[in-house]
Each structure stands twice: as structure tokens, then as C-alpha cells.
Amino acid sequence: MFFKTPEEDIELWDRRKDGQPLLPVLPTQMSYDYVLVADKLDEKEESHKSQRQKDFIQKLQKKNMKVTEILHEDKVFYGVLAPNDVFEQYKYLLKISDACNWRDDQKGAIPHATRIRVVHFILHHTYINTGENLKELLQKDVFETMFCLHERRKQKELKKKWARWSGLFVGQPMTDVRSYFGEKVALYYLWLGWYTWLLVPAAVLGVVVFLYGLAFFNTNPLIKEVCDSDIIMCPRCDKRCNVWKLSDTCTYAKVSLLFDNEGTVAFAMFMAIWATLFLELWKRHRALYVAKWKVYDWCEEEEELILEVVNDPACKPKMFKHSYLRSAMVLVLVTLMMVLIIGLAHVLVVFRVVCAPLLSEGSSEFIRDHANTVATMLGAVLHYITIQVMTRVNRWVAFKLCELEETRSFAATERSFTVKMFTFQFFTLFSSLFYVAFFLGRINGHPGNYVRVSKWRLEECHPSGCLTDLFIQMAVIMLLKQTLNNVFEYIGPWLKRCFRRNTAKKMQRKCGHCYRKACRDENGLVEPCNTCKLRDWMRNYHLSDTNSFSLFNEFLEMVVQFSFATIFVAAFPLAPLLALINNVFEIRLDAIKMVSLERRLVPKKTNDIGIWTKVLEAIGVLAVIANGLVIGWSSDFIPRLVYRYRYGPCANGTSTSDCMEGYINDTLATAFMSHAAVRKDFLPAQMVTEEGANVTQCSYRDYRHKEDYTLTSQYWLILAVRFAFVILFEHVVVVCKFIAAWFVPNSPIRVKNSKLHDKLTRLKEELSEMKRLKALNKSTDV
């Protein structure tokens with residue numbers, strides 16, 4: 001491959017004028033494989049940083065890399081272009097490889113995405129005399145940054161087909177995405193598109209369950225019983241809270257029964273099975289595309305060895321190693337980190353405990369009347385702020401733990417980081433939700449024997465159940481997290497591009513009348529002048545930076561959303577609908593960001609979404625356990641069932657209109673001021689109603705005897721039925737999951753047949769090549 005300088009162009013022009021015959025000039029490549037950027041160094045810095053810059057560039061040139069240096073203001077740009085020999089070696093090693101012989105890469109021209117990937121590996125595995133590689137030089141500010149270039153023509157095509165807001169409901173050109181960004185990015189969008197499609201039935205059924213609860217919003221006998229009740233309830237806090245009427249929480253009871261009804265049980269079972277079907281169908285969907293892209297049998301280790309040999313033929317393989325000491329240290333540190341995260345969840349619990357009584361004595365009448373609800377909302381917002389702070393802490397800790405492990409390769413580091421980061425994020429996001437779902441209102445005690453944090457009582461559940469508290473937490477976190485994350489994710493790179501666009505415009509005006517046709521060629525066949533090169537490099541330089549974990553951030557966001565949409569879906573049936581709406585915009589937002597607002601991601605080969613598949617499988621199992629516990633332990637489904645068939649009017653043969661008549665009253669116990677322990681918890685001033693009447697007894701939610709406040713037989717029966725339901729629910733759903741996984745094979749038959757055909761074709765080609773070489777040798781001997 002030849003490279004022409006402006007001086008050579010002038011020489012050729014002079015030869016044309018003189019009438020001299022010209023040799024055919026081969027086209028050169030316009031786009032460089034990589035660009036390194038460094039600061040201009042003064043005399044003081046010349047001794048150390050500048051020398052290491054020169055050493056690194058010289059090492060690249062010894063590997064026959066073409067390096068073009070262009071100065072601009074206070075920056076130095078180095079364009080790196082690898083020779084064809086590197087890619088010829090790469091293609092040959094692919095051909096003789098067992099698992100990595102991809103037909104599209106070993107025949108014909110090397111795609112630009114593959115060039116970038118190979119050069120990226122070489123750059124990061126080039127060491128100067130001090131033993132430092134490019135990563136260490138970047139950390140020490142010897143080089144400011146590095147990036148690969150966007151291809152203008154393909155970038156425009158992707159914007160037209162895919163990366164635009166007007167294409168929200170248009171299919172994704174996966175082959176084009178794969179050829180530009182590589183298989184790893186393409187599989188992310190393939191997975192996200194498949195996930196979004198399969199959210200449609202889940203969202204529809206979730207809306208149906210919501211509408212089912214809404215249909216009986218005003219006619220449900222339990223709601224009427226709450227709204228028409230004259231029962232006096234015990235104070236919800238010490239000293240400042242008075243007794244209150246059950247009818248005051250009529251609205252709360254209506255909201256509770258919107259999400260805590262019989263339809264929720266069926267929906268939770270459906271979502272547990274849906275999670276399994278989603279994963280199994282995804283494996284089939286993935287198999288179709290990776291077979292089409294000829295990476296079905298791709299092997300990560302063999303690919304790494306090929307790149308090692310291309311970079312250094314005398315290289316030695318990086319050996320696998322394992323240290324029990326390091327593993328034990330990592331395990332201990334991970335445990336300590338999880339204890340810290342759970343401790344923060346306890347802090348949130350204490351905040352809610354302290355916040356409610358303080359709000360109940362506020363100046364606003366509305367806040368006093370709804371102190372518990374406002375405390376719940378404030379707790380959810382504080383939880384969101386904690387999530388944002390801990391996300392950054394979790395990332396730093398996960399990186400440090402990966403460094404401590406000393407993993408063999410970047411792929412191994414990425415897998416280890418993914419597991420640790422997701423584990424930390426999961427506990428950060430769900431610790432508070434697990435408390436609300438399984439502990440709130442169950443460890444608070446009863447009048448005369450309240451459980452306290454210092455002097456404050458723990459929170460109590462509403463007489464209509466605790467599921468509404470979980471619903472509020474879920475709704476606030478999902479809406480805030482998804483909406484704000486998407487806004488900042490898009491606005492940040494967009495503003496950065498707007499502020500830095502002026503530099504690119506100056507370069508465009510400077511080269512607007514360039515005489516070289518090469519500068520206006522977008523087919524990548526000729527090399528532009530230095531000014532036009534710099535303009536293109538500056539355009540990419542001013543985009544938002546990307547790194548090896550940029551795609552990880554997108555995966556983490558979507559897998560966390562998948563967790564919200566499945567684990568506690570029994571408390572929030574509208575979660576799949578919110579996820580669906582978010583994902584429709586998320587696909588285009590990520591596409592626009594990657595194509596237009598960010599530097600080009602390094603294209604990487606793969607044939608799966610990697611460790612994320614295992615994470616999704618774990619979430620599917622956890623969803624079965626959590627939903628079974630939410631329905632059996634947290635909701636009022638079991639107590640209502642027991643009342644209907646054991647204690648209600650239908651079971652006693654005294655029904656006049658409805659089998660659930662008297663249920664609310666049945667779930668309440670009574671506390672009497674005549675009891676000495678009760679008098680210590682409630683002051684006489686608290687036992688005064690809004691009308692000014694003094695009362696000597698009040699009700700609270702529990703199954704206890706009036707005389708000695710011990711638990712009733714009904715409580716133990718309900719507890720036994722709860723455990724039985726959880727065990728039955730989880731066994732039934734797990735069996736259904738196994739049947740679904742068995743019924744849906746991972747690889748379609750046409751993929752298996754296609755693989756057989758490809759292998760047979762390859763063997764025939766190798767045999768033909770052998771016969772041709774044999775015949776050629778015979779003719780040479782003759």
C-alpha cells in the first residue's frame with residue numbers, strides 16, 4: 001500500500017505537464033486505524049514525558065506502523081495505520097484456526113472494524129524500554145487520550161437507518177451495526193430489541209391486572225368496610241399522635257387493593273415463567289444471528305492467541321493461575337462491602353422511623369395527616385440519592401478488587417468486574433425493598449410491647465396491608481432512575497458536542513477550498529491533506545470519551561431494570577409497561593449516542609452476551625422466590641383466603657351478601673387502657689378523638705387475644721398456610737420453568753444444518769486446494 005504526500009502530488013503534476021508517462025498509482029486508505037493525542041511539552045517536561053512518547057512511537061514504527069504526526073495549538077496528534085502484512089498474517093491464522101475461522105474475515109478485504117480491533121490489541125501490547133504499555137502511559141499523562149475514527153459514510157448510513165428519533169418503531173439493521181461496531185455491540189442491541197419485544201405481552205397482562213383491580217375499585221366490600229368503618233385505631237407514634245379512625249385511610253385502602261388482589265398471583269406466576277421463556281427464546285434468537293455472522297463456534301482464548309502471535313511471533317502464552325489467598329481476601333472484602341450496603345439500608349429504615357413522628361407534629365395540616373405516606377415518599381427519594389452515590393463507590397471498589405485478583409486477560413477482568421459490580425448494585429438497589437417487602441410491620445411489636453430504635457417505634461403496616469409501601473418504593477425508584485438516567489445520559493454528550501463544535505467549524509472553514517479531490521472523497525480510497533486529516537481527527541476528539549466498560553454501563557442499566565420488572569412484579573404489575581416504554585426510547589438514545597455523540601467503540605468479537613446470561617438466569621430464579629414470598633408472606637392474599645374458607649360468614653353458614661364481610665374487623669386486635677403496659681405507650685391525651693371524645697380502647701393490626709395479648713390460633717393457621725403456599729408456588733413455577741427450558745431448544749435446527757453445510761464446504765475447499773497445490777508441484781517437477 002502506498003501513501004502519497006502533498007510533495008509527491010506536485011511531482012506527479014509536474015510529470016503530467018512534461019508529458020512523461022506515469023506509472024499507475026494504487027489508491028491509499030483515507031482513514032487511519034487509530035489516533036493518539038498528547039499535550040505539547042515544554043522544556044522542563046521534555047526530559048521524561050517527551051522521551052517516553054518518542055520511545056512508544058519508535059516501537060510502533062519498528063512494527064512497520066505508519067505514524068503521522070500533526071501539531072495543532074497545544075496538542076500533538078499521532079495517526080496510526082498498520083501495514084497490510086499484519087492483516088495477512090491475521091487472516092492466515094484465522095484460516096488454520098479450529099474455532100476462529102470466520103469466512104468473512106479470512107476472505108477478501110479486512111473490514112475496517114477488524115482493523116481497529118487488531119491495531120487496538122497491538123497498541124495495548126506494545127511496551128517501551130521502561131516496561132510501560134499504553135495503558136500506563138495514559139495513566140501517567142504521557143498521552144492524553146486515544147480513539148479510533150468514525151467512518152463518515154457509514155456513520156451517515158447508520159444515522160439514516162437507525163440512529164434517529166423518528167425511527168422509534170423501525171427495526172434495527174443488525175448486520176450494519178455488527179459491521180460497524182462489532183459483534184459485542186450488535187449483540188447488546190439484539191438482546192435489547194428482543195427483550196423489548198417480549199415485554200409487550202408482559203406489559204399487556206400487567207395492564208389487565210391493573211384494570212381488574214380498578215374495575216372493583218368502588219364496589220369491593222373490603223374497601224367499603226374500611227371507608228364506612230367507625231373503628232378507632234391506636235396512635236401511630238408516641239406522645240404526638242392521637243387515635244384515628246380507620247375510615248380516614250379510605251384512599252389508601254383503595255390503592256392497596258389495586259395491586260393486592262387475586263389477579264396479582266396469576267401475574268406473578270406468569271412473570272416467573274416469562275423470565276425463563278425470555279432467556280430460552282433469546283438463546284435461539286442469538287444462535288440465528290451468530291451463525292449468520294459465522295461466529296457460532298468462536299473461541300475467546302484462541303482469538304487472543306492469534307492476536308498475540310500477530311503482535312509478537314516470539315510471544316509466550318499467559319498462563320492460567322489461581323491464588324487461594326487472593327480469592328479469600330476478595331471474598332472477605334466483598335462480604336464487608338455487602339455488610340456496608342446492608343447497613344446503609346438500615347440507615348434508611350431509621351430515617352423512615354424518625355421522619356414519620358417528626359412530620360406528624362409539623363405545621364402543615366396535610367403533612368400531619370399523611371405523615372407516614374410522606375415519610376415513605378421521602379425515604380424512596382433518599383434511597384434514590386443513596387443509589388447514585390453508592391454506584392460510584394461500588395464501581396471503584398469492584399475495580400480495586402479486580403486488580404487484587406490479577407486476572408489473566410481483559411475478558412476475565414470484565415467477567416469478574418461484572419459479577420462484583422452487579423452484586424453490589426443489586427444489594428444497593430434492593431436492600432431497602434427487601435425490608436419493605438418482608439420485614440416492615442412484622443417486627444414492630446404491639447401496644448404494651450413495641451420494638452423501638454432508641455426512643456422511636458418501628459413503622460407499622462396499614463390495616464389494608466404493606467404492599468402499597470412496596471409499590472410506592474418501586475414506582476419512585478423506577479420512574480426517577482429511568483427518567484433521570486436517560487436525560488443525563490443523552491444531555492451530557494449532546495451539550496459537550498455543542499460546546500466544542502466551534503473548533504471543528506474553524507477547521508472546516510480553513511480547509512473549505514482545498515484543491516485536492518482526495519479531501520472530498522468519502523470512500524476511503526485516497527489520503528487527504530494534513531489539514532483535512534486534522535479536521536476529521538478533531539471532530540472525533542471532541543466527542544465524548546468511551547472506554548472498554550462503556551457497553552457494560554448499558555448492560556448494567558438494562559439488567560437492573562429486568563430485575564425490577566421481575567423480582568417484585570407482584571407488588572407493581574405496571575413495571576413491565578414502564579420498562580417497555582423506557583426501552584423503546586432507550587434503543588434510539590443509545591444508538592444516537594454511540595453514532596453521533598460519542599467516540600467510536602472498539603469493535604470486539606464475541607458470540608454471546610457473556611456473563612450477563614448467567615446473571616439473568618440467577619435473576620429468574622430469584623424472581624420465583626421473591627414473588628412467592630411477596631404473595632405468600634407480604635400480601636393479604638393468604639389471610640383473605642383463610643378467612644373466606646375458615647372464619648368468614650360463608651364458612652360458618654351465616655353469609656347474607658358476601659363471603660368477605662367482616663374481614664377487616666377480623667384482622668384487628670384491641671388494646672385496652674386498663675392494661676398497665678398499654679398505659680406506658682399511650683398517654684391519656686393521645687386517646688382523644690378529633691371530635692374530642694375520650695376512648696378507653698383502640699384497635700391495631702394483628703391476631704392477638706384481648707386478655708393477655710398472645711397470638712391466636714388463627715395467626716398460626718395463617719402462618720402455616722403462608723409457608724405451604726410459598727413452597728407450592730415455587731415448586732409449581734420451577735417445574736414450569738424446567739418444562740419451558742426443555743421444550744425450547746437453545747439452537748434451532750436450521751442453525752445446526754447451516755453449521756454442517758459450512759463445515760462440509762470448508763473441507764471440500766481445503767481438499768480442492770490440496771489437489772491444486774499437488775498438481776502445481778507435479779508440473780513444476782516436469
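Is Lys294 buried, exposed or partly exposed, and what is its relative accessible area? Lys294 is partly exposed, at 26% relative accessible area. Buried means under 20%, exposed over 50%, and partly exposed lies in between, with a 1.4 Å probe and protein chains only.

The model is predicted: local features need pLDDT of at least 70, side-chain atom pairs count only at pLDDT 80 or more, and totals for chains, interfaces and linings use all residues. Residues are numbered from 1 along each chain as its sequence is written, and side-chain values use heavy atoms, leaving out hydrogens and water.

**View 1. Two loop residues with positive phi.** Lys294 sits in the loop between α12 (262-292) and α13 (300-311). Its phi is near 60 degrees, a positive value in a residue other than glycine. Asp141 lies in the loop between α6 (134-139) and β4 (145-147). Phi of Asp141 is near 65 degrees, again positive in a residue other than glycine. Helices (H or I, at least four residues) and strands (E, at least two) are DSSP runs, numbered from the N terminus.

View 2. Strands β2 (residues 66-72) and β3 (residues 75-81) run antiparallel, joined by seven bridges. Strands pair if DSSP finds at least two bridges between them. Ile70 has Phe77 in β3 as its bridge partner. Two residues lie between the strands of this hairpin, where Glu73 takes a positive phi near 55 degrees.

**View 3. The open sheet.** Four strands follow the order β2-β3-β1-β4, with antiparallel pairing. The edge strands are β2 and β4, each pairing on one side only. From one strand to the next, the twist averages 20 degrees. Three bridges join β1 (residues 34-39) to β4. Val37 has Thr145 in β4 as its bridge partner.

**View 4. Helices α21 and α23.** The axes of α21 (residues 550-567) and α23 (residues 611-634) come within 9 Å and cross at roughly 20 degrees. Axes are lines fitted to C-alpha atoms, for helices over the stretch in contact, and angles run from 0 to 180 degrees between N-to-C directions. The two helices are therefore roughly parallel to each other; angles under 35 degrees count as such, over 145 as roughly antiparallel, 65 to 115 as roughly perpendicular and the rest as oblique. Among the residues that meet are Phe552, Phe555 and Leu556 in α21, and Trp612, Val615 and Leu616 in α23. Contact means heavy atoms within 4.5 Å.
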